[in-house]
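Let's take a walk through this model together. Have the sequence and the 3D view ready, and follow along as we go.

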Amino acid sequence: ESGLLSISTDHFELDVFYKFVVNVSSSDGRYSESRQRVIITSDPPPDLSYTCISNCNFGKLSTVDPLSMKIFSTDCGDNFDDVTYNWTMSDITDSYDDPVVTDVTITSRSAHDYIALYLSADQLESGSSYTATLVVNIPGFATGYTEMSFVTNPPPRGGSCTVLPTEGYVLETNFTVTCFGWQDEGSNTEISDDDPV
């Protein structure tokens with residue numbers, strides 16, 4: 001059971017994008033998918049890597065918190081002054097065409113040794129899948145690409161709440177709200193009736 005896939009580049013055409021999709025499932029019903037686009041070039045692409053700064057649980061990304069990342073390239077050394085780049089965000093939830101999301105604002109800036117991405121809170125839909133793509137042009141190299149795919153955490157579901165008493169007076173009556181049976185996808189746990197929220 002190896003997670004390694006080796007394919008000779010002789011089977012691909014130059015300057016064409018290829019998409020690899022890996023589906024993983026477990027015997028207890030859990031499921032995950034990862035996608036990676038690859039382009040074959042005649043020139044060497046720049047070496048790009050990224051690190052997450054905030055909201056870094058790529059298993060389930062929070063939609064109510066901002067996402068912040070830094071992208072580095074060893075091919076630039078400590079000088080990004082001549083680098084041009086562009087970010088796009090694609091919604092891959094229901095489509096293999098990866099439509100670009102146009103209603104999100106990605107703030108980015110170039111420092112001397114990295115490119116920063118900042119996505120403010122409440123721009124992505126809960127329970128959806130996205131891919132953030134960075135296209136980088138560095139003098140002397142082929143166009144470089146790096147992509148980060150993630151799933152946003154869906155809201156709690158499946159429960160109910162009761163309010164007692166059902167009637168009362170403003171600033172006089174104390175109301176008690178009790179909720180049962182809610183499920184949170186982020187923790188894959190269910191709150192039992194013996195442990196109300």
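We'll start with how to read the model, then visit a strand, the disulfides and a surface patch.

This is a predicted model, so local features need pLDDT of at least 70 and side-chain atom pairs count only at pLDDT 80 or more, while totals for chains, interfaces and linings use all residues. Residues are numbered from 1 along each chain as its sequence is written, and side-chain values use heavy atoms, with hydrogens and water left out.

Let's begin at strand 4, which runs over residues 67–73. Helices (H or I, at least four residues) and strands (E, at least two) are DSSP runs, numbered from the N terminus. Five of the seven residues in strand 4 are buried, so this strand is mostly covered. Buried here means under 20% relative accessible area, exposed means over 50%, and partly exposed is in between (1.4 Å probe, protein chains only).

Which strands pair with strand 4? Strand 3 (residues 48–54) does, in the antiparallel sense over six bridges, and strand 7 (residues 115–119) is also antiparallel to strand 4, over five bridges. Two strands pair if DSSP finds at least two bridges between them. To spot these pairings, look for Thr51, whose bridge partner in strand 4 is Lys70, and for Ser68, which stands opposite Tyr118 in strand 7.

Now for the disulfides, of which the structure holds two. A disulfide is counted when a pair of cysteine sulfur atoms is within 2.5 Å. Cys52 is joined to Cys56, S to S 2.4 Å, and their link is left-handed, with -90 degrees about the S-S bond. Cys56 is partly exposed, at 38% relative accessibility.

The other link is between Cys161 and Cys179, with sulfur atoms 2.0 Å apart. This one is right-handed, with 105 degrees about the S-S bond. Cys161 lies in strand 10 and Cys179 in strand 11, so the pair ties together parts that are 18 residues apart in sequence. Is each end buried or partly exposed? Cys161 is partly exposed at 40% relative accessibility, whereas Cys179 is buried at 12% relative accessible area.

Stay around there for the last stop. Between strand 10 (160–164) and strand 11 (176–180) there is a loop, and Phe175 is found in it. Phe175 is partly exposed, with a relative accessible area of 42%. Together with Val163 and Val177, Phe175 makes a nonpolar surface patch of about 260 Å². Patches are made of residues with over 30% relative accessible area and no salt bridge, with like charges joined within 9 Å and nonpolar side chains (Val, Leu, Ile, Met, Phe, Trp, Tyr) within 5 Å. A salt bridge is a side-chain nitrogen of Lys or Arg within 4 Å of a carboxyl oxygen of Asp or Glu, and accessible areas come from the Shrake-Rupley method with a 1.4 Å probe; for residues, only the protein chains shown count as cover.
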